[in-house]
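Hi,

Here is the structure I promised to pass on. My notes on its cavity, pocket, ligand site and a few residues follow below.

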Amino acid sequence: MKIIRSPGEMYEFSSRAHRSGKKIGFVPTMGCLHDGHIALIRKSRQLADLTVVSIFVNPTQFGPGEDFARYPRVFRRDCLLCAHAGVDAIFHPSVRDIYLTDHTTNVEETSLSESLCGASRPGHFRGVATVVAKLFNIVAPDFAVFGQKDAQQARIVKRMVRDLNFQVRIVTVPTVREPDGLAMSSRNVYLSRTERQRAVCLHQSLRLAKRLVAEGITDTSVITRRMRQLISKGSPQVRIDYIEAVDAESLKRVGKVVKPILVALAVKIGSTRLIDNIVLRP
Ligand code: AMP
């Protein structure tokens, strides 16, 4: 497994692979890898001849006061996991290699980015779209694999690829969960033991939403109210950022379940903000 740090060398690696007729699968990550990331790597290996994983904690997608500085960085451990998972190359650039000090060009999606995490984290998806566009140009993948765990991010990346004619196919992989249902996340390491126990309420509330829809409830305000009640009874340390039912395509709020909807939530457990979602069909 190659470890590549410079964008020039990364592009050279990909050009050589393409010249010899190989397809490249790409898994962009911020590191601190877990089984969710490994599922993405497995998917990439099914689709492509070579798999590249990027490990880059992208400063532009963190807002002021968010966890950029303390985001877990465990590069050596990540390398072992990638080697074990059959990754061909890790791209691990420095912030200065990705963002020159006088960098002034950004990519902004302006519709899907309005709701959900876009509303509570202004500028977040601009940072995401910009870094993903840059990584696509550097890695030049044929396929790029994203997790359904970050459903809004995957939708925005697909839209960007369509709107800006990137020659890459975006593939999404279902959310990988802990045995008790908590979605795997690099941020789960922040949780204390009691917070970790409380965090199962996110998944429980999504299961409740699924059950309500199965019982024939179509009014999304009833569904989100019941979810809110379930989560709020957790403890005062659990603070709901949002719980919303949106159209799975447009990510605009919907009042009734008549088409597939995305029920998405962001909840703070202590100081850790966690997100999760489920797609429900009428
Ligand atoms: P991150 O390192 O958190 O930026 O995530 C990198 C990629 O892994 C994104 O496409 C995420 O959606 C995906 N991912 C993160 N957690 C999970 C999970 N539990 N299941 C599936 N994919 C995930």
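First, a definition for the volumes: on a 1 Å grid over the protein atoms alone, a cavity is a set of points where a 1.4 Å probe fits but cannot get out, while a pocket is an open set with protein on both sides within 12 Å along at least five of seven lines, and lining residues have an atom within 4 Å of a point. Grid points are joined across faces, edges and corners, and a volume is the space filled by probe spheres set on the points.

Before you dig in: this is a predicted model, so local features need pLDDT of at least 70 and side-chain atom pairs count only at pLDDT 80 or more, whereas totals for chains, interfaces and linings use all residues. Residues are numbered from 1 along each chain as its sequence is written, and side-chain values use heavy atoms, with hydrogens and water left out.

**Cavity**

There is one cavity of 30 Å³ or more, and the largest cavity holds about 60 Å³ of space. Its lining includes Lys149, Leu182, Ser185, His203 and Asp276. Helix H9 (200-214) and strand S9 (272-280) are the elements that give two or more residues to that lining (helices are DSSP runs of H or I with at least four residues, strands are E runs of at least two, numbered from the N terminus). S9 has the largest share, three residues. By type, the lining splits into six nonpolar, four polar and two charged residues (Ala, Val, Leu, Ile, Met, Phe, Trp, Tyr, Cys and Pro count as nonpolar, Asp, Glu, Lys and Arg as charged, and the others, Gly among them, as polar).

**Second largest pocket**

The second largest pocket has about 230 Å³ of space. It is lined by 13 residues, and the closest to its centre are Gln148, Arg155, Ala248, Glu249 and Val279. Helix H7 (residues 151-163) gives the most to this lining, with four residues.

**Ligand**

The ligand is surrounded by 17 residues, the closest being His37, Gly147, Asp150, Val176 and Met184 (near means a heavy atom within 4 Å). An oxygen atom of the ligand lies 2.6 Å from a side-chain N or O atom of aspartate 150. A ligand oxygen is also 2.9 Å from an N or O atom in the side chain of histidine 37, and one is 2.9 Å from a polar backbone atom of glycine 147.

Aspartate 247 sits in strand S7 (residues 238-247). Is this aspartate 247 buried or exposed? Aspartate 247 is buried, at 8% relative accessible area (buried is under 20%, exposed over 50%, partly exposed in between, with a 1.4 Å probe and protein chains only). Its side chain has a 3.3 Å polar contact with the side chain of lysine 259 (a pair of N or O atoms within 3.5 Å; within protein, one must be able to donate a hydrogen and the other to accept it, and residues adjacent in sequence count only if both atoms are side-chain atoms). The aspartate 247 side chain also reaches the backbone nitrogen of glutamate 249 at 2.8 Å.

Glutamine 61 is in the loop between strand S3 (50-55) and helix H3 (75-85), and is buried at 11% relative accessible area.

Glutamate 9 lies in helix H1 (residues 7-19) and counts as partly exposed, with 38% relative accessibility.

Cheers
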